[in-house]
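Okay, thanks everyone for coming.

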Amino acid sequence: MLRVFNAMTHQKEEFKTIKPGIVSMYVCGPTVYNYIHLGNARSAIAFDTIRRYLEYIGYQVNYVSNFTDIDDKIIKAAKAAKVSEQVLTAKFEQAFDEDTAPLNIKKATVRPLATEHVTEIIDFVKTLINKGYAYESMGDVYFRARKFPEYGHLAHQSVDDLEIGASERLDDGALSKKEDPIDFAVWKGVANDASISWQSPWGAGRPGWHIECSVMAIKYLGDTIDIHGGGQDLAFPHHTNEIAQSEVYTGKTFANYWLHNGFVTVGDQQEKMSKSLGNFVTVHDLLKDVNPQVLRLMMATTQYRRPISYTETAMQDAENTLKHLTTAYRNLYFRLIDAKTESANTVIVEKIATFIKHFKIAMDDDFNVANAMTVIAEMATYLNVLASQTDRLIKENIEGLLSEYTKMLMVLGIDIEKESNFKQTSDEQVEAKINERASAKISKDYQLADKIRMELQAQGIILEDTPQGTRWHKE
Ligand SMILES: [Zn+2]
């Protein structure tokens, strides 16, 4: 039974979906004005791992994650780069894909853009005004936070505590427009000469940030969603405001489970990563030097709520682990050469079932990937033990083990089959291997000859023996 820590109740709860077999999941996506940094990648990896595990245990996951493509930061960055907002955001939407694909982060089922939902956002704001929860003030529209009785529950703070924080944060002269300092903007009026704006009943303007997530989550997933995810820094004000708007709009609970991922700190000083601290690492830069699967493994093996400290040591450890896992896979894979085809050894079949059971027990406990990794490491040891046995192994057992091992690693976003072929073999190296195999055959070392063929096959290189010699092609 899967149990998840719900940030709303601060408790681990049994996970039950609204519709049987289907999970609706909304995760706040990036503001596309720059390359993503390690903190963004961490959030994407954490929720991708959660999604992959839900799929592993049989759920269909409808995963919606937005791109915030209109925002003060975007307007500022576009001005600095002397391009339009659309050109800037299109560039960084594409960069997001280029940076996340090598990390094996699956694309969301739906990836809505804020700017493509402005009509719906305006209608949503109108409803909030009609219900008496929002008001227009000098071209802006604000939400009456204090009128929503559960305001602040997710942040586990009282409205008065939050109000102190809100007043401290105010810097844009909005205070004079608000009935109450805790109120927040759902629509922002802009001057007529602004580069980007939409016509609304309140004049030219653009949506506030929080409102886009409410509108898009409800539009694509329904009034109540199963899981709402995002970084822990989003609990207040972003998620707090999403809840207030959405629940006033629908009259229903917005999300049943709130999942927040922890921070990334950089270096041994454990500083939280931020631009102002100058320890801001973009994934784009990092992937120039680093195997993406090492970065994925480093991040995917820390439970999503815990902080990750990005250090050289952590990356080195992940690299060693990945090497170890890959070697175990390859060692057993090569035993397929001399494997028998007969009914599987029941001891090994039971062993596989036990690995699966322990993996699920770990992941069912609020996605405890660290314990799941221990199970995978035990499995790698077992793969090596079997591979070193001198008896002939049974094909079905080897394939069963490799398949389950591959699936578990894929939940963590590690593609072990791909990793086994990671070093691209050059044509010269292939030719050299073919010559080595030919010599082995001449000296009747068929075991070695087969091993070379399997090794090349594992790298997608297929050999074909013809009367004229050995030909080869790539799969
Ligand atoms: Zn959001």
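P237 sits in helix α7, which covers residues 235-250. Keep in mind as we go that this is a predicted model. As a reminder, most peptide bonds are trans, and most residues other than glycine have a negative phi.

N104 isn't a glycine, yet its phi is positive, about 60°. And N104 is buried, because its relative accessible area is 11%, and the cut-off for buried is under 20%.

There's another one further along, K444. This lysine also isn't a glycine and has a positive phi of about 60°. You'll find K444 in the loop between α15 (427-442) and α16 (446-458). Is K444 buried or exposed? With a relative accessibility of 61%, K444 counts as exposed.

Okay, zooming out a bit. The protein has 16 helices and 15 strands. Its C-alpha trace spans about 90 × 50 × 40 Å along the principal axes. There are 475 residues, and 51% of them count as buried. If you take the contacts with a separation of 6 or more, 76% are between residues 24 or more positions apart.

Now domains. The assignment gives domain 1 as 17-128 + 210-272, domain 2 as 311-420 and domain 3 as 427-474. Between the centres of domain 1 and domain 2, taken over C-alpha atoms, you have 33 Å. Their contact takes 11 residues from domain 1 and 18 residues from domain 2.

Next, a helix pair. Two packed helices are described by the angle between their axes and the distance between the axes. For α11 (residues 346-364) and α12 (residues 369-387), the axes come within 7 Å and cross at roughly 165°. That angle is why we call α11 roughly antiparallel to α12. The crossing itself is left-handed.

What does α11 bring to the contact with α12? From α11 you get I348, K351, F355, H358, F359, A362 and M363. On the α12 side, the residues they meet include V369, V375, I376, Y382 and L386. Sorted by class, that contact has 12 nonpolar, two polar and two charged residues.

Last stop is around α1. S43 is in helix α1, and S43 is buried, with a relative accessible area of 12%. Leaving out residues up to four places away in sequence, S43 touches G230, G231 and N261.

Then there's Y35, in the loop between β3 (22-27) and α1 (38-56). Y35 is partly exposed, at 23% relative accessible area. What does Y35 contact, once you set aside its neighbours within four places in sequence? The list is K91, F92, A95, D99, T282 and H284. For a sense of distance, L162 is 127 residues from Y35 in sequence, and their C-alpha atoms are 31 Å apart.

That's my tour, so let's go to questions.

Technical notes
Residues numbered from 1 in each chain as written. Predicted model: local features only at pLDDT ≥ 70, side-chain atom pairs only at ≥ 80, totals over all residues. Heavy atoms only, no water. Helix = DSSP H or I, 4+ residues; strand = E, 2+ residues; numbered from the N terminus. Buried < 20%, exposed > 50% of the residue type's maximum accessible area, 1.4 Å probe, protein only. Contact = heavy atoms within 4.5 Å. Axes fitted to C-alpha atoms, helices over the stretch in contact; angles between N-to-C directions. Parallel < 35°, antiparallel > 145°, perpendicular 65-115°, else oblique. Left-handed = near helix turned anticlockwise from the far one by under 90°. Nonpolar A, V, L, I, M, F, W, Y, C, P; charged D, E, K, R; others polar. Domains from an automatic or database assignment.
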